[in-house]
Amino acid sequence: MSVVPVNSVTPADTYSPTAQLSLRNVTKVFHGKKDLFSQLAGKRTKDFVAIEDISLDIEPNTFVSIIGPSGCGKSTLLNMIAGLSDTTAGQILFNDQPIAGPGPDRGMVFQNYALMPWMTVEENVRFAVETVYPKWAAKQVNRTVKEHIQLVGLVGAEKKHPHEISGGMRQRVGIARALAISPQILLMDEPFGALDALTRGFLQDEIERIWEQQRKTVIMITHSIDEALLLSDRIVMMTRGPAARVDEILDVPFPRPRNRETIEQHPAYHSLKAEMESHLFRETRAVEAARINKS
Amino acid sequence: MAVSKPTIGAPYYESEKESPFFSENVRAFLLFVGSLAVFLLLWELGARSGIFARGMPTATKTLEELWWWITHPFFNNGPNDLGIGWNLLISLRRVAIGYTLASLVAVPLGILIGISPIARKGFNPYVQLLKPISPLAWLPLGLYILRDSEQTGVFIIFISSIWPTLINTSLGVANVNKDYLEVAETLGASRLRTIFKVIIPAALPSIVAGLRISMGIAWLVIVAAEMLLGTGLGYFIWNEWNNLYIPNILVAIFIIGLVGLILDSIFAAFEKFVAFGRNS
């Protein structure tokens with residue numbers, strides 16, 4: 001089996017009709033300070049083109065990883081999909097409707113967990129459920145909360161506050177909270193970035209297990225090649241910023257359910273890994289070089 | 001092969017050097033008691049030999065008076081001869097009313113100012129201008145407008161204890177961790193739900209810290225204000241100054257400090273309660 005770069009830049013007329021989420025020529029520019037005050041204060045800054053002309057179709061029930069050198073605008077892209085940030089140009093269509101803002105149809109898992117410290121594990125999940133489904137009866141809310149705490153394996157820690165549990169457990173709460181509102185898409189922004197290597201591996205296995213149960217569409221930002229290979233169906237590789245683009249999209253053909261040991265046996269594993277490594281290495285080296293030349 | 005020999009019986013770990021009788025806390029307590037004894041001794045000797053100002057009471061005389069006032073807190077022989085318990089309650093009552101009113105205004109207003117950057121910039125000049133004014137500067141104005149010493153006392157407490165709470169609340173609300181707000185936003189929480197369920201709990205440590213500072217200031221101010229108002233602990237001191245009876249002044253100073261300490265400890269405990277692992 002060979003590595004097939006599916007398409008480098010999707011031409012405008014070949015949008016997938018079945019796509020659940022579709023990015024069309026999305027560009028994000030962070031406008032610099034150009035008002036009179038900033039000019040007088042000598043603080044005038046230039047516009048920064050974070051993302052330029054990205055087109056991407058995401059099919060339902062696929063696990064998509066976005067990987068790229070740091071500072072390439074991966075998080076910006078995810079924030080635009082989440083609706084936390086506007087697009088400067090282009091469109092993001094979700095079920096053929098343009099995204100107007102944040103909404104509970106997209107569940108978000110944050111890198112630094114973003115749990116409310118004053119709420120217990122259970123209350124954090126409950127807050128999400130009650131916010132999204134205010135009309136639900138208490139019984140239904142309780143059941144949903146309990147189910148999702150069970151799903152992420154946190155039974156027994158319901159009454160603990162976030163500062164009393166480990167980083168890995170906190171991110172489980174973050175995942176339970178995102179899933180409890182039954183979103184159509186799960187967005188994860190480097191969900192394991194702040195965890196130590198052992199905990200990270202453990203949580204990756206958990207995500208694989210949960211994904212097998214639910215098969216939701218997932219978009220995950222990551223720095224880790226192994227993580228992307230273990231979890232994803234497709235891997236989107238982005239170029240370095242500024243004006244980051246999609247460089248290549250890889251299909252990951254490993255059968256599911258996967259685990260670390262068996263995927264390494266797969267014939268495509270090493271060529272995929274090598275492909276990603278060389279891409280990331282090239283882009284990261286270019287980022288470093290650009291930084292040296294600037295200063 | 002170098003295999004460690006199995007030890008017989010329980011393994012022996014060397015215990016910590018200090019014995020339980022000389023732990024850090026015990027030592028600190030001994031230091032406290034020792035220094036207090038030295039202080040009282042020097043005071044007693046100094047007062048007896050007359051190296052302090054003339055009429056300076058001895059330590060024993062002062063402690064005797066302290067004991068008398070504490071064991072006879074509630075008597076009432078007219079406004080100039082009132083038990084220290086009554087005076088304390090009068091002061092606490094003024095503080096409670098003025099401080100509660102100030103908090104009821106400062107917390108909601110602070111939340112409002114914190115949420116809106118425009119309100120913050122717009123109201124900031126008032127806050128910054130009024131904050132540094134000495135509370136006693138309001139006294140003549142209060143007496144003129146209210147024409148009542150009791151109400152003026154409450155007004156002084158109100159005007160002086162409103163600022164720390166207001167400023168801390170607005171800062172706390174304005175600086176709520178962006179992650180919490182993004183969570184609320186991605187869940188599609190309404191503005192009102194976000195304010196009550198996210199912003200206020202997130203800002204609670206700052207709000208309580210502000211309330212604590214305000215309480216400290218209220219307690220500082222009431223004593224000064226009461227010297228000019230009649231009744232209360234401040235007036236007690238002023239009255240004893242007019243009687244030129246120094247031991248009672250020292251007794252009152254000690255009691256004011258003690259009550260301030262208790263009030264502050266209550267708020268410190270409250271601060272800890274709302275922190276949830278966050279360093280306040």
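1. Two strands pair if DSSP finds at least two bridges between them, a strand being a DSSP run of E of at least two residues, and a helix a run of H or I of at least four, numbered from the N terminus. This is a predicted model, in which local features need pLDDT of at least 70 and side-chain atom pairs count only at pLDDT 80 or more, while totals for chains, interfaces and linings use all residues. Residues are numbered from 1 along each chain as its sequence is written, with chains lettered from A in the order in which they are written.

2. In chain A, six strands make an open sheet of mixed pairing, ordered β6-β7-β8-β3-β9-β10. β6 (106-109) and β10 (246-251) of chain A are at the edges with a single partner strand each, so one side of each lacks a neighbour in the sheet.

3. Within the sheet, β3 (residues 63-67) and β8 (residues 217-222) of chain A pair in the parallel sense over five bridges. A:I219 in β8(A) is the residue opposite A:V64.

4. Helix α3 (residues 121-132) of chain A is largely enclosed by the rest of the structure, because 10 of its 12 residues are buried (20 or more other C-beta atoms within 10 Å of the residue's own, C-beta atoms being placed from the backbone). These buried residues pack against α4 (138-151) and α5 (167-180) of chain A and α8 (191-226) of chain B.

5. Leaving aside neighbours within four places in sequence, A:L187 is in contact (C-beta atoms, placed from the backbone, within 7 Å) with residues including A:L78, A:I81, A:M108 and A:I219.

Terms used: Contact = placed C-beta atoms within 7 Å.
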